[in-house]
Amino acid sequence: MSSVSPIQIPSRLPLLLTHEGVLLPGSTMRTSVDSARNLQLVRSRLLKGTSLQSTILGVIPNTPDPASDAQDLPPLHRIGTAALAVQVVGSNWPKPHYTLLITGLCRFQIIQVIKEKPYPVAEVEQLDRLEEFPNTCKTREELGELSEQFYKYAVQILDAVSLEERFKMTIPLLVRQIEGLKLLQKTRKHKQDDKRIIAIRPIRRLAHIPGTVEDEDEDEDNDDIVMLEKKIRTSSMPEQAHRVCVKELKRLKKMPQSMPEYALTRNYLELMVELPWNRSTTDRLDIRAARILLDNDHYAMEKLKKRVLEYLAVRQLKNNLKGPILCFVGPPGVGKTSVGRSVAKTLGREFHRIALGGVCDQSDIRGHRRTYVGSMPGRIINGLKTVGVNNPVFLLDEVDKLGKSLQGDPAAALLEVLDPEQNHNFTDHYLNVAFDLSQVLFIATANTTATIPPALLDRMEIIQVPGYTQEEKIEIAHRHLIPKQLEQHGLTPQQIQIPQVTTLDIITRYTREAGVRSLDRKLGAICRAVAVKVAEGQHREAKLDRPDVTEGEGCREHILEDAKPESTSDTTDLALPPEMPILIDFHALKDILGPPMYEMEVSERLSQPGVAIGLAWTPLGGEIMFVEASRMDGEGQLTLTGQLGNVMKESAHLAISWLRSNAKKYHLTNASGSFDLLENTDIHLHFPAGAVTKDGPSAGVTIATCLASLFSGRLVRSDVAMTGEITLRGLVLPVGGIKDKVLAAHRAGLKRVIIPQRNEKDLEEIPGNVRQDLSFVTASCLDEVLNAAFDGGFTVNTRPGLLSSKL
């Protein structure tokens with residue numbers, strides 16, 4: 001075998017002072033450069049030098065921290081290692097620094113320091129000639145790895161120049177290692193692969209040299225890595241995920257803990273072993289019990305509960321049913337979120353809610369790639385980690401309020417999540433491996449489908465959740481809301497009574513909403529006022545005598561005969577105070593909540609021509625909408641006010657054009673008696689509540705009726721509301737949201753509702769008590785609408801067969 005060529009180092013070497021360990025010949029070390037001297041050395045020699053000699057440095061172990069920028073050069077160790085700079089990596093954040101990858105060549109002895117600034121340079125004498133020991137490089141490298149935790153001992157090995165001295169120092173260490181291995185073989189009877197892993201720490205303890213300190217933090221970290229490896233080995237993750245974890249674990253073992261990637265890799269592996277790859281809960285498939293539970297938790301909502309029971313029934317017959325994507329669409333406060341929680345309770349599954357309102361970054365759904373600082377998994381994977389099973393009920397709340405920004409479209413990121421044909425292979429950017437979401441039951445909620453992208457809407461089954469009727473609100477209040485408020489305020493039914501007639505007053509006069517949230521808040525205000533009176537009553541025994549208004553909160557108190565104490569014995573301290581229970585009637589309601597917020601003003605608004613009532617659908621439920629018109633001398637201009645959208649403006653132009661074309665038929669004239677309604681006449685259409693944006697096609701019939709009233713001088717019936725889209729020929733086209741609109745008319749106390757004829761099928765969804773209180777007129781053209789909107793009809797030739805029924 002040919003001899004190895006001798007390595008000749010320069011007689012003058014720039015000195016790199018490092019405190020991160022001792023570099024031995026033949027080993028490689030990564031060191032940080034952030035002190036002023038070392039930074040200047042790197043910039044002057046490594047970055048500007050072009051020859052091989054300029055990349056050879058003298059590495060001196062330095063016990064004090066070299067990062068201190070002291071003016072004086074610290075005392076130098078006399079023996080160092082000549083090293084070759086293999087790689088230089090620099091960064092300016094948070095401050096300028098470099099990272100060097102250096103390989104030890106041979107040792108040297110400092111003869112004298114030639115200069116100290118800007119970086120130290122010394123005259124050196126080479127101590128090793130590597131051709132004399134061609135087979136010892138590997139041995140030195142292994143010894144360097146073994147001794148990296150024992151700083152002082154490694155320095156002693158560095159100072160041992162002769163081979164004999166080095167053997168004398170290393171042989172005791174090797175003997176102790178052999179003894180440790182023998183001891184482990186006798187005392188531990190684990191599997192062979194476990195022995196190799198667990199033996200790491202005992203070897204290091206037996207090899208402990210007096211004068212050194214064990215790094216306890218690193219030992220604990222090694223224990224954590226051992227446990228992590230055991231979890232990976234025993235986990236039930238798929239083969240692809242297992243291969244990725246094994247590969248990342250190997251990288252983690254070779255990685256210094258000081259590297260930022262160490263924590264990222266460890267967090268990734270911990271997440272992988274915590275994910276419920278195969279952990280699931282068993283569904284409780286009892287249809288009768290599920291029906292009872294849904295009926296107890298939620299009053300009304302028959303259509304929604306029917307669909308949930310259908311899903312449970314199919315699940316009972318076929319266990320491998322993919323989770324459907326249900327989307328509950330309805331106004332706020334109708335119980336969409338609570339139904340999702342009840343579904344999870346019915347199935348016996350874990351429940352997790354993900355609020356999507358305002359989310360505008362797709363990484364919130366699909367996660368961040370691990371190349372970014374602060375990367376984390378998306379909300380879907382994080383939710384699975386939280387619940388700990390792979391078949392929970394996920395409630396995607398407010399899916400219609402997703403945003404869109406430069407960081408991507410989260411609604412598009414949900415396409416894969418909510419597609420039953422794709423979500424069995426969902427890939428989060430952070431995991432970068434597929435996860436099966438097909439067993440997750442996704443339930444989305446929204447106030448409207450108008451803002452949901454069509455592609456996302458196509459992947460979901462829409463279930464409309466309309467608002468409640470007055471009767472349903474009364475039942476909900478006395479079944480759920482009042483008991484909840486009494487419990488939250490520490491009251492009992494023996495202390496407060498709210499009759500149903502009072503609840504109806506709250507619903508009709510203080511709240512006008514599709515849901516029950518405002519009703520719940522009003523009941524809470526009543527309970528707070530009563531709580532004050534109860535607290536005062538505990539400190540008095542005499543009844544406050546006042547005819548109308550009490551002091552403090554000022555609510556009227558009514559004494560029920562059965563609440564009076566029957567005796568005046570010593571047990572009277574256990575009886576209720578004499579003013580209990582407090583009965584909440586209309587007078588107490590007015591004292592607590594103030595004057596009514598909503599009064600019936602419909603008849604007052606329709607006391608002159610040019611006013612009609614329309615029905616509108618909003619994300620908050622159905623509402624009535626007044627349309628007002630006036631005319632004046634002018635040049636035939638049409639003015640529209642009230643925050644109207646383009647569709648509403650087009651409906652107004654259609655209505656005026658139809659009336660102008662039929663002016664002679666209906667004997668409509670302007671102020672000068674001309675059948676040209678816009679001749680020397682300006683028309684102003686106004687939709688009150690101008691702060692609210694209004695748009696949609698369903699106001700066409702209302703605008704036409706309002707203008708017909710204006711030009712004919714006749715009053716529209718004060719108990720009529722209408723909805724429908726019109727064409728230029730006067731046809732009435734169907735619209736949506738019929739149930740919500742009808743409920744709004746019912747809340748307003750109206751008696752007749754005009755709807756398009758093609759919407760007659762939607763009347764089946766109207767509750768029976770509402771149908772009994774209202775008269776419905778279905779119309780296919782504007783002639784029929786005008787006939788139903790005015791007393792005695794409006795047209796000259798009324799078409800027979802006009803449908804007007806009491807449903």
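Student: Is Lys305 buried or exposed?
Tutor: In this predicted model, Lys305 is buried, with a relative accessible area of 9%.

Student: Which residue forms a salt bridge with Lys305?
Tutor: The partner of Lys305 is Asp295, and the closest N and O atoms of the two are 2.9 Å apart. The pair links distant parts of the chain: Asp295 belongs to helix H10 (residues 287–297) and Lys305 to helix H11 (residues 302–317), 10 residues apart.

Student: And how does Asp295 count by accessibility, what is the figure?
Tutor: Asp295 counts as partly exposed, at 35% relative accessibility. Lys305, at 9%, is buried because the limit for that class is under 20%.

Student: How many salt bridges does a search of the whole structure find?
Tutor: The search finds 26 salt bridges. In general terms, side chains of opposite charge can pair when their charged atoms come close.

Student: Where in the chain are Arg717 and Asp791?
Tutor: Arg717 and Asp791 form a salt bridge, with the closest N and O atoms 3.6 Å apart. Arg717 is in the loop between helix H24 (700–712) and strand E20 (720–722), while Asp791 is in the loop between helix H27 (782–789) and strand E25 (803–805); the two residues are 74 residues apart.

Student: Is Arg717 buried or exposed?
Tutor: Arg717 counts as buried, at 18% relative accessibility.

Student: What about Asp676, which side chain does it meet?
Tutor: The side chain of Asp676 meets that of Arg660 in a salt bridge, at 3.1 Å from N to O. Asp676 is in the loop between helix H23 (663–666) and strand E19 (681–686), and Arg660 is in helix H22 (residues 646–661), 16 residues apart. Asp676 is partly exposed, with a relative accessible area of 32%, and Arg660 also counts as partly exposed, at 40%.

Student: Changing topic: how many cavities of 30 Å³ or more are there?
Tutor: The count comes to 1 cavity of 30 Å³ or more. The largest cavity has a volume of about 40 Å³.

Student: Which residues line the largest cavity?
Tutor: The lining consists of Gln470, Ile507, Thr508, Thr511, Arg512 and Arg747.

Student: How does that lining divide into nonpolar, polar and charged?
Tutor: The lining of the largest cavity has 1 nonpolar, 3 polar and 2 charged residues.

How values were computed:
Residues are numbered from 1 along each chain as its sequence is written. This is a predicted model: local features need pLDDT of at least 70, side-chain atom pairs count only at pLDDT 80 or more; totals for chains, interfaces and linings use all residues. Side-chain values use heavy atoms; hydrogens and water are left out. On a 1 Å grid over the protein atoms alone, a cavity is a set of points where a 1.4 Å probe fits but cannot get out, and a pocket is an open set with protein on both sides within 12 Å along at least five of seven lines; lining residues have an atom within 4 Å of a point. Grid points are joined across faces, edges and corners, and a volume is the space filled by probe spheres set on the points. Ala, Val, Leu, Ile, Met, Phe, Trp, Tyr, Cys and Pro count as nonpolar, Asp, Glu, Lys and Arg as charged, and the others, Gly among them, as polar. A salt bridge is a side-chain nitrogen of Lys or Arg within 4 Å of a carboxyl oxygen of Asp or Glu. Helices (H or I, at least four residues) and strands (E, at least two) are DSSP runs, numbered from the N terminus. Buried means under 20% relative accessible area, exposed over 50%, partly exposed in between (1.4 Å probe, protein chains only).
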